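Thanks for coming. I will take a few minutes on one model, so please have the sequence and the structure open.

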Amino acid sequence: MILIIDNYDPYMSAFYRYITEEYSCTEIIRNDEKTAEEIISLRPEALIIGSGAGTVQDTGVCRDVIMQCLGSIPLLGVGLGSEILGECLGLSFKDTLCPPGKMYNIGFDTSCRLFRSAADILPCMCSITRSVNTDSLKDDVKIIMRDEYGRDTGFACEEKKAYGIPVYPAFIGAEGKRIIYNFISLIKN
């Protein structure tokens, strides 16, 4: 089962439907619905930490769950979920500006398992307000997404099967399905 932790994001129900088109054994819970121990007892095969409004302090049990699962199951953080995952990997983030409602390009590191067989540059329409502070990068974490403004927006610790991306794959268009498929394939490997 893929378990999605919802950080009260208004797009979560659409993302849940998007995921279940590829992997039907998927459950969703809110970040304050269960304790970290109750979530771990569900024995998820993979964990997706969803986006949401607010800051990492508003993500409930996410930090505790990530720390207990890091390195044992595939983890995908999206938006705010990416930021809390990154912090658990020792990263820091900085505020960044993006004109709202503007289409712009994001480049992908296609050597990363998450982006295997995906295009290396895709248009995206989403306001990204935080980016990775590259001074905080660790040896086992690399940048996997950079937008046309030079902002480092996605990261991976492939050794621990942990990936952080700034936007829901559905916002990336058809290639988003490829990203989800690649994440699901990590469960089987």
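Let me begin with the buried residues of helix 4, which are Leu80, Gly81, Ser82, Glu83, Ile84, Leu85, Gly86 and Cys88. That is eight of the nine residues in helix 4, so the helix is mostly covered, where buried means under 20% relative accessible area, exposed over 50% and partly exposed in between, with a 1.4 Å probe and protein chains only. Helices here are DSSP runs of H or I with at least four residues, strands are runs of E with at least two, and both are numbered from the N terminus.

Before going on, the conditions: this is a predicted model, with local features needing pLDDT of at least 70 and side-chain atom pairs counting only at pLDDT 80 or more, while totals for chains, interfaces and linings use all residues. Residues are numbered from 1 along each chain as its sequence is written, and side-chain values use heavy atoms, with hydrogens and water left out.

Back to the helix. Leu80 lies in helix 4, which covers residues 80-88, and its relative accessibility of 6% makes it buried. What is Leu80 in contact with, leaving aside its neighbours within four places in sequence? The list is Gly50, Ser51, Gly52, Ala53, Gly54, Thr55, Val56 and Thr59, where contact means heavy atoms within 4.5 Å. Leu80 and Ile165 are 85 residues apart in sequence, and their C-alpha atoms are 9.3 Å apart in space. After helix 4 comes Gly90, with a positive phi near 90°.

**The chain as a whole**

Now the overall numbers. The chain has five helices and 11 strands. Is the fold compact or extended by its radius of gyration? For 189 residues a compact globule would come out near 16 Å, and the chain has 15 Å, which agrees. That radius is taken over C-alpha atoms, and the globule rule is 2.2 Å times the number of residues to the power 0.38. Along its principal axes the C-alpha trace spans about 40 × 35 × 30 Å.

Of the 189 residues, 52% count as buried. Among contacts with a separation of 6 or more, 68% come from residues 24 or more positions apart. The chain exposes about 8500 Å², of which carbon and sulfur atoms supply 49%; these areas come from the Shrake-Rupley method with a 1.4 Å probe, and for residues only the protein chains shown count as cover.

On charge, there are 19 positive and 26 negative side chains, and the centres of the two sets lie 4 Å apart. Lys and Arg count as positive, Asp and Glu as negative, and His and the chain ends are not counted. Each charge is placed at NZ of Lys, CZ of Arg, CG of Asp or CD of Glu.

**Helix 1**

Helix 1 runs over residues 12-20, and Met12, Phe15, Tyr18 and Ile19 are buried in it. They cover an arc of only 115° around the axis, which puts them on the same side of helix 1; the arc is that of the directions from the helix axis to the C-beta atoms. What do the buried residues of helix 1 pack against? The partners are strand 1 (2-7), strand 2 (26-30), strand 3 (46-52) and helix 5 (175-188).

Thr153 is in strand 10, residues 152-157, and is buried at 4% relative accessibility. Not counting residues up to four places away in sequence, Thr153 touches Ile128, Ser131, Met145, Arg146, Asp147, Gly164, Ile165 and Pro166.

Asn105 sits in strand 6, residues 104-108, and is partly exposed, with a relative accessible area of 35%. Beyond its neighbours within four places in sequence, Asn105 is in contact with Ile121, Leu122, Pro123, Asp147 and Glu148. Asn105 and Arg146 are 41 residues apart in sequence and 8.7 Å apart, C-alpha to C-alpha.

Last, the backbone angles. Arg43 is not a glycine, yet has a positive phi of about 55°; it lies in the loop between helix 2 (36-41) and strand 3 and is exposed at 71% relative accessibility. Lys161, also not a glycine, has a positive phi of about 55°. Lys161 lies in the loop between strand 10 and strand 11 (162-165), and is buried at 18% relative accessibility.
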